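Open the model in your viewer and keep the sequence panel beside it. This tour tells you what to select at each stop.

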Amino acid sequence: SAINDRGYLNCTASIYGCTDPNAQNYNPLATIDDGSCTYCTTILPYNENFDNGIGSWTNTGSAGNWTLNSGGTPSNITGPTDDVTGGGNYMYIEASSPNYPNIGPFTLTSECLDLSNSINPSLSFYYNMYGAAMGTLNVYANNSLIWTLNGNQGQGWNLVQIPLTSVGNTLIIEFEGTTGSSWAGDIAIDNINIESQQ
């Protein structure tokens, strides 16, 4: 009867979510704001060296977690012997069983950064990819691949600097690792910096 005799009546379902288009988690389908809106509030310069824990970074990968560590990794002939400055912490993927062969992604995700007042922002970080069966490290900015490397890079920390062109006014960085063919493939990162260039 409601359909045939009163076709002018509508029954629309309420969709709860963030209704603010300026929010990081805006849901254009939401009809009722549920108070869940989140905003990018961290401004540049930004630095995380993991010496006080993992900060605002979160493990979001489906395969497992990046691990906070100091000193060397448990396996011989793979991974760093210390953090990049000596005596601090770093984040790494342990490639020992059950994390091989070719297990991933292990994804470490940043908080949302506000770049609206930044000029030519850039990302820099150190990586250690030492081991005979090294896998792959990818870096994403707002879900776009901006850097990738695989294979044994030798013992020691290596610096990478990447310009962040055309990323928009907000930024989320993801470090995504996949292990190699055996246990000898620990991947580590440290001292992440995002800053505006003058």
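**Stop 1: Gln24.** Select Gln24 and show its neighbours. Not counting residues up to four places away in sequence, Gln24 touches Thr38, Tyr39, Cys40, Cys112 and Ile172. Contact here means heavy atoms within 4.5 Å. Before going on, note that this is a predicted model: local features need pLDDT of at least 70, side-chain atom pairs count only at pLDDT 80 or more, and totals for chains, interfaces and linings use all residues. Residues are numbered from 1 along each chain as its sequence is written, and side-chain values use heavy atoms, with hydrogens and water left out.

Stay on Gln24. It sits in the loop between strand S1 (16-17) and strand S2 (32-33). Strands (E, at least two residues) and helices (H or I, at least four) are DSSP runs, numbered from the N terminus. The cut-offs are under 20% for buried and over 50% for exposed, with partly exposed in between (1.4 Å probe, protein chains only).

**Stop 2: the largest pocket.** Keep Gln24 selected. The largest pocket holds about 200 Å³ of space. Of its 13 lining residues, the closest to the centre are Gln24, Cys40, Cys112, Thr170 and Ile172. A pocket is an open set of points on a 1 Å grid over the protein atoms alone, where a 1.4 Å probe fits, with protein on both sides within 12 Å along at least five of seven lines; lining residues have an atom within 4 Å of a point. The volume is the space filled by probe spheres set on the points, which are joined across faces, edges and corners. The lining divides into seven nonpolar residues, five polar and one charged.

**Stop 3: Leu164.** Jump to the loop between strand S13 (158-163) and strand S14 (170-171), where Leu164 lies. Leu164 counts as buried, at 3% relative accessibility. Which residues does Leu164 touch, not counting residues up to four places away in sequence? They are Pro121, Ser122, Leu123, Ala141, Ile146, Leu171 and Ile194.

**Stop 4: backbone exceptions.** Most residues other than glycine have a negative phi, and most peptide bonds are trans. Select Leu44 and Pro45: their peptide bond is cis, with omega near 5°. Pro45 is in the loop between strand S3 (42-43) and strand S4 (46-48). Next, take Ser97 and Pro98, also joined by a cis peptide bond, with omega about 10°. Pro98 is in the loop between strand S7 (89-93) and strand S8 (106-109).

Now go to Phe50, in the loop between S4 and strand S5 (58-59). Its phi is positive, near 65°. Phe50 is buried, at 0% relative accessibility. Then select Asn143, between strand S11 (136-141) and strand S12 (144-150). Its phi is positive as well, about 70°. Asn143 is exposed, with a relative accessible area of 65%.

**Last stop: the whole chain.** Zoom out and colour by secondary structure. The protein chain has 16 strands and zero helices. Its C-alpha atoms fill a box of roughly 80 × 45 × 30 Å, taken along the principal axes. Buried residues make up 41% of the 198 residues.

How values were computed. Nonpolar A, V, L, I, M, F, W, Y, C, P; charged D, E, K, R; others polar.
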